[in-house]
Amino acid sequence: MTWTWFHRLGSPPHVFALARRLTPWLGWPAALLILGGLWGGLVLAPPDYQQGDGFRIIYVHAPSAWLSLMVYTSMAIAAAVGLIWRIKVAHAVAASCAPIGASFTLAALVTGALWGQPMWGTFWQWDPRLTSELILFFLYLGYMGLRAGIEDTQRADRASGVLAVVGVVNVPIIHYSVTWWNSLHQAPSVMRLARPTLPGSMLAPLLMMLLGFTLLFGALVLVRLRAEILARERTSGWIREAVGA
Amino acid sequence: MSELPASIPAVAGREPGLSPAALRVSSLTAARMALRRDLTLAFRQRAQLVQPLAFFAMVTLLFPLGVSPELGRLREIAPGVLWSAELLASLLALEFLFRDDAQDGTLEQYALSGQSLTALLFAKTCAHWFLTGLPLALMAPVAALSLGAPVGAVPGILLSVALGSVTLSLIGAIGASLTLGIKRGGALLSLLTLPLSLPVLIFGARATQLAILGAPLMAPLELLGALAVLGITLAPLAAAAGVRISLE
């Protein structure tokens, strides 16, 4: 088996072309799945017997929360690959992940707060999952702040890469310490969104949304990656050919 | 860093035959020398040592004035107040950790010396803990007493702050190393280090609360110890990577 396809992933022109080809293959299924999931979740699924229609925000909240963590992990893996093998494209992937991950985290926070208003009677509850999500948001902000603070791209890549790896080691520690902290201060009487069993009519749209959001993340990363490569390689000759100018 | 002249003793020590064995310095000795150097330098500028302590006292003072002078209420919020003040004071003290050495080129010499940069930075972080973490740990019980904590809580508070500040210094070293080259990096430094320090705040405040209540506090102390061990193992590696990147 030859590894040339793998080695070519380190070359900006190849990745640029590949990203352009792959984007529709991720984007269109994402759009279909999200539209289908929204239709199934907001129209077809029956209202919950306890939460009424309020539970439907789960169809946006749960995929955002899942992606907020997934994107951070992908970002740290890409950064580690970039640091260890000194691959510039990997750093570009990590840099493209951060704003998307931060947006999903913000979406999870906002939808969580909107769900909390009718369910808990308050927009904000110091619930362990909401609190960890808020801390994760600050981790994203720190990562992007560090990138913005360093002018030289290569230094910014490597410094923020170290930060992403340090952060990913800390995420589980932060999560468990926050859970532990919360269990001391309030009884776990707060109503939980996650149930052990969801009926099929509610579960199927949720799975569609999860998959759709994940594909959407893939498509967004590819678009941002192309912009990132364009910005980094703006002085190289192949860019002219690639964009047809 | 391979094109060093052979005249630098530490590097020459790695290549037997180039220099007399007397010039070889083990990385433990080098770390001890770095530690002694930092402590000596700090004791010659005593005014700087007092600043984090004064800041800690000031932050503690804000709460009785801002919340209520009633000792009963202050006792309730004392753990949170102490640990917020501790986090902020150690953040303030991070300014001194690498800045001077980066400006006068000492860090560059450390990186070029051929000695383990990880060990040297660990020594620097230890010195930083001796100069800020330990004094703050001695100061925290006094602040706690002023917030209505009983005298019996003093050993527990001292121990928890001393243990927790080890981890805070180590996390701070990572943040300080990554923000070395950045002008006006103070706000960024706080954004980088505070989220990572939250577990220390949680376990430290819990230990302090249990100490004030007179309850057994081994569980949070053990968790603080575990965080410190994890920090000692991994943080100097990350700080060394950060310093190398900042010096590029």
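**Entry 1**

I began with W5(A), which lies in helix α1 (residues 4-7) of chain A. Helices here are DSSP runs of H or I with at least four residues, strands are runs of E with at least two, and both are numbered from the N terminus. I noted that the model is a predicted one, in which local features need pLDDT of at least 70, side-chain atom pairs count only at pLDDT 80 or more, and totals for chains, interfaces and linings use all residues. Residues are numbered from 1 along each chain as its sequence is written, chains are lettered from A and ligands numbered from 1 in the order in which they are written, and side-chain values use heavy atoms, with hydrogens and water left out.

I looked up the cover of W5(A) and found it partly exposed, at a relative accessible area of 45%. The scale is: buried under 20% relative accessible area, exposed over 50%, partly exposed in between, with a 1.4 Å probe and protein chains only. The areas come from the Shrake-Rupley method with a 1.4 Å probe, and for residues only the protein chains shown count as cover.

**Entry 1: aromatic pairs**

How many aromatic pairs does the structure hold over all chains? I found nine. One of them is F55(A) with Y59(A), edge-to-face, at 6.0 Å centre to centre and 65° between the planes. Rings of Phe, Tyr and Trp (its six-membered ring) pair if their centres lie within 6.5 Å; planes under 30 degrees apart are stacked, over 60 edge-to-face, and the rest tilted. F55(A) is buried at 5% relative accessible area, and Y59(A) is buried at 1%.

I also checked W115(A) and W120(A): their ring centres are 5.4 Å apart and their planes stand at 80°, so this pair is edge-to-face. W115(A) is buried, with a relative accessible area of 6%.

**Entry 2: nonpolar cores**

Which residues have the most contacts inside the largest nonpolar core? I listed Y59(A), M75(A), L146(A), F217(A), F56(B) and I157(B), in a core of 95 residues. Helix α9 (residues 186-213) of chain B gives the largest share of this core, 11 residues. A core is a set of buried Ala, Val, Leu, Ile, Met, Phe, Trp, Tyr and Cys residues joined through side-chain atoms within 4.5 Å. A second, separate core has 22 residues, including A34(B), F98(B), A240(B) and V243(B).

I then followed F217(A). Leaving aside neighbours within four places in sequence, F217(A) is in contact (heavy atoms within 4.5 Å) with L67(A), M70(A), V71(A), S74(A), C97(A), I100(A) and F104(A).

**Entry 3: salt bridges**

My search of the whole structure gave eight salt bridges over all chains. The test is a side-chain nitrogen of Lys or Arg within 4 Å of a carboxyl oxygen of Asp or Glu.

R147(A) and D157(A) meet in one, at 2.8 Å from N to O. R147(A) sits in helix α5 (residues 128-149) of chain A and D157(A) in helix α6 (residues 153-185) of chain A, so the bridge ties together parts 10 residues apart in sequence. Both R147(A) and D157(A) are buried.

D157(A) also bridges to R232(A), with the closest N and O atoms 2.8 Å apart. This pair links distant parts of the chain, as R232(A) is in helix α7 (residues 200-232) of chain A and D157(A) in helix α6 of chain A, 75 residues apart. R232(A) is partly exposed at 21% relative accessibility, whereas D157(A) is buried at 4%.

R37(B) is in helix α2 (residues 27-43) of chain B and D101(B) in helix α5 (residues 95-103) of chain B, so the pair ties together parts 64 residues apart in sequence. R37(B) is partly exposed at 27% relative accessibility; D101(B) is buried at 6%. Back in chain A, bridges that share partners join R147(A), D157(A), E228(A) and R232(A) into one network.

**Entry 4: chain B as a whole**

I counted 10 helices and zero strands in chain B. Its C-alpha atoms fill a box of roughly 70 × 35 × 30 Å along the principal axes. Of its 248 residues, 49% count as buried. Among contacts in chain B between residues at least 6 apart in sequence, 78% join residues at least 24 apart. The accessible surface of chain B is about 11,500 Å², and 67% of that belongs to carbon and sulfur atoms.
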